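Please read it alongside the sequence and the structure shown here.

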Amino acid sequence: MRHLTCVARLAVAATVLTVLAACGGTEPAAAPPAPAQPTEAAAPTEATEAPEPSAAAPVDACALVSKEDAEKLAGTPLEDPLPSGETCWFTGPVSGPVAQVEVHVGDGAKKILDIDRDLKHEFETLSGIGDEAYLEEGMVFVNVSGVWVAIRLVRTDDMAKYDERLTELARTVAGRL
C-alpha cells in the first residue's frame with residue numbers, strides 16, 4: 001500500500017511540475033522602456049565599468065541522461081526523450097511495461113528535494129558523488145557546484161531493486177556536470 005501511495009504522490013508531483021513548466025510559472029515581464037535619445041553627445045568617462053559576468057548557461061536535462069542511460073535505469077525500452085524546460089521525460093511504450101524516467105535540473109530539482117524532506121521521506125546520503133547526493137525510494141538527487149539534478153524512476157515493481165542503478169546514474173550525471 002505504501003508503494004501505491006508513493007506512486008500516486010509521484011504522479012501528482014509530475015503533473016504539477018508539467019503544468020508549471022507549461023505555464024512558465026511567472027507573470028510575463030513588462031516590455032523594457034524605449035532608450036532615451038540624448039540631446040547632446042556625452043563626453044566619455046575615464047573609468048569604465050567591467051561588464052557583468054553572464055549567467056551560466058542552463059544545463060540540458062536530456063544531455064545529462066541519454067536514452068540509453070534511462071533504459072538501463074528502467075530496465076526496459078523507452079520512447080525518445082521529451083524535453084520540457086529544465087526537465088526531460090522518457091516514457092515507456094504504450095504497449096508496456098509501465099516505466100518513466102524524469103530528469104529535473106536546477107531550482108525545480110532542489111524544490112522536489114525540499115518537498116520530500118518536508119514530507120519526511122527517508123533518504124540515504126550517497127558519499128563520493130558530486131558535492132552532495134541523496135537516494136530515496138525511486139529517486140536520486142545530486143548537487144554539483146550549486147546545480148541540482150533530480151532523477152525519478154517510475155515503475156510498478158519493487159523500487160528497492162533499482163537503488164544501485166539510481167546511484168550509478170547519479171555518479172554518471174555528476175561527472176557530466
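Is D114 buried, partly exposed or exposed? With a relative accessibility of 26%, D114 counts as partly exposed, where buried means under 20% relative accessible area, exposed means over 50%, and partly exposed lies in between (1.4 Å probe, protein chains only).

## Basis of the values

The model is predicted, so local features need pLDDT of at least 70 and side-chain atom pairs count only at pLDDT 80 or more, while totals for chains, interfaces and linings use all residues. Residues are numbered from 1 along each chain as its sequence is written, and side-chain values use heavy atoms, with hydrogens and water left out.

Seven strands make up an open, antiparallel sheet, in the order β1-β2-β3-β7-β6-β5-β4. Strands here are DSSP runs of E with at least two residues, helices are runs of H or I with at least four, both numbered from the N terminus, and two strands pair if DSSP finds at least two bridges between them. Because β1 (82-84) and β4 (124-125) stand at the edges with a single partner strand each, one side of each is left without a neighbour in the sheet.

Within the sheet, β5 (residues 132-136) pairs with β6 (residues 139-144) in the antiparallel sense over five bridges, and E136 stands opposite M139 of β6. Helix α5 (residues 163-176) packs on the sheet and touches β5, β6 and β7 (147-155), contact being heavy atoms within 4.5 Å. The direction of α5 makes about 20 degrees with that of β6; axes are lines fitted to C-alpha atoms, for helices over the stretch in contact, and angles run from 0 to 180 degrees between N-to-C directions.

## Salt bridges

There are six salt bridges, each defined by a side-chain nitrogen of Lys or Arg within 4 Å of a carboxyl oxygen of Asp or Glu. One of them joins D69 and R176 at 2.6 Å, N to O, and links distant parts of the chain, since D69 lies in helix α3 (residues 67-74) and R176 in helix α5, 107 residues apart. D69 is buried at 19% relative accessibility, whereas R176 is partly exposed at 40%.

In another pair, the closest N and O atoms of E102 and R152 are 2.9 Å apart. E102 belongs to strand β3 (residues 99-105) and R152 to strand β7, so this pair ties together parts that are 50 residues apart in sequence. E102 is buried at 1% relative accessible area, and R152 is buried at 2%.

K110 and D114 also meet in a salt bridge (2.7 Å, N to O); both lie in helix α4 (residues 107-118), four residues apart, about one turn of the helix. K110 is partly exposed at 25% relative accessibility, and D114 is partly exposed at 26%.
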